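Keep the viewer open and turn the molecule as you read.

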Amino acid sequence: MEKNSLQIGERLKEIRKTRGLTLDAVSEMTDVSKPIIPQYFG
């Protein structure tokens, strides 16, 4: 299960970078605090 979580995190980071989204933008879009975002998006 941990391996899948890592793959999801890597994919989310790739999507964020491809779309040119900042951590601030993702935070606003998801209503997740900015310090938490890197835990999921890397």
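Which side chain does Glu14 meet in a salt bridge? The partner is Arg11, with N and O 2.8 Å apart. A salt bridge here is a side-chain nitrogen of Lys or Arg within 4 Å of a carboxyl oxygen of Asp or Glu. Both residues sit in helix H1 (residues 2-18), 3 residues apart, which is about one turn of the helix. On the accessibility side, Glu14 counts as partly exposed at 45%, and Arg11 is partly exposed as well, at 46%. For these labels, buried means under 20% relative accessible area, exposed means over 50%, and partly exposed is in between (1.4 Å probe, protein chains only).

Before going on, a word about what you're looking at: this is a predicted model, so local features need a pLDDT of at least 70 and side-chain atom pairs count only at pLDDT 80 or more, while totals for chains, interfaces and linings use all residues. Residues are numbered from 1 along each chain as its sequence is written, and side-chain values use heavy atoms, with hydrogens and water left out. The pLDDT is the predictor's confidence in each residue, from 0 to 100. For the protein chain the mean is 83, and 83% of the residues reach 70 or more. Among the elements, H2 has the highest mean pLDDT (89) and H3 the lowest (76).

Now zoom out. The protein chain has 3 helices and 0 strands, running α-α-α from the N terminus. Helices (H or I, at least four residues) and strands (E, at least two) are DSSP runs, numbered from the N terminus. Of the 42 residues, 14% are buried. The accessible surface comes to about 3600 Å², and carbon and sulfur atoms account for 55% of that; the areas come from the Shrake-Rupley method with a 1.4 Å probe, and for residues only the protein chains shown count as cover.

The structure holds 2 salt bridges, so where does Lys34 come in? Lys34 forms a salt bridge with Asp24, the closest N and O atoms being 3.1 Å apart. This pair links distant parts of the chain: Lys34 is in the loop between H2 and helix H3 (37-41), and Asp24 is in helix H2, 10 residues away. Lys34 counts as partly exposed at 41% relative accessibility, and Asp24 is also partly exposed, at 41%.

Finally, turn to Ser27, in helix H2 (residues 23-30). Is Ser27 buried or exposed? Ser27 is buried, because its relative accessible area is 15%. A polar atom of the Ser27 side chain lies 2.6 Å from the backbone oxygen of Val32. That is a polar contact: a pair of N or O atoms within 3.5 Å, where within protein one must be able to donate a hydrogen and the other to accept it, and residues adjacent in sequence count only if both atoms are side-chain atoms. Leaving aside neighbours within four places in sequence, Ser27 is in contact (heavy atoms within 4.5 Å) with Val32, Ser33, Lys34 and Ile37. Val32 itself lies in the loop between H2 and H3 and is partly exposed at 28%.
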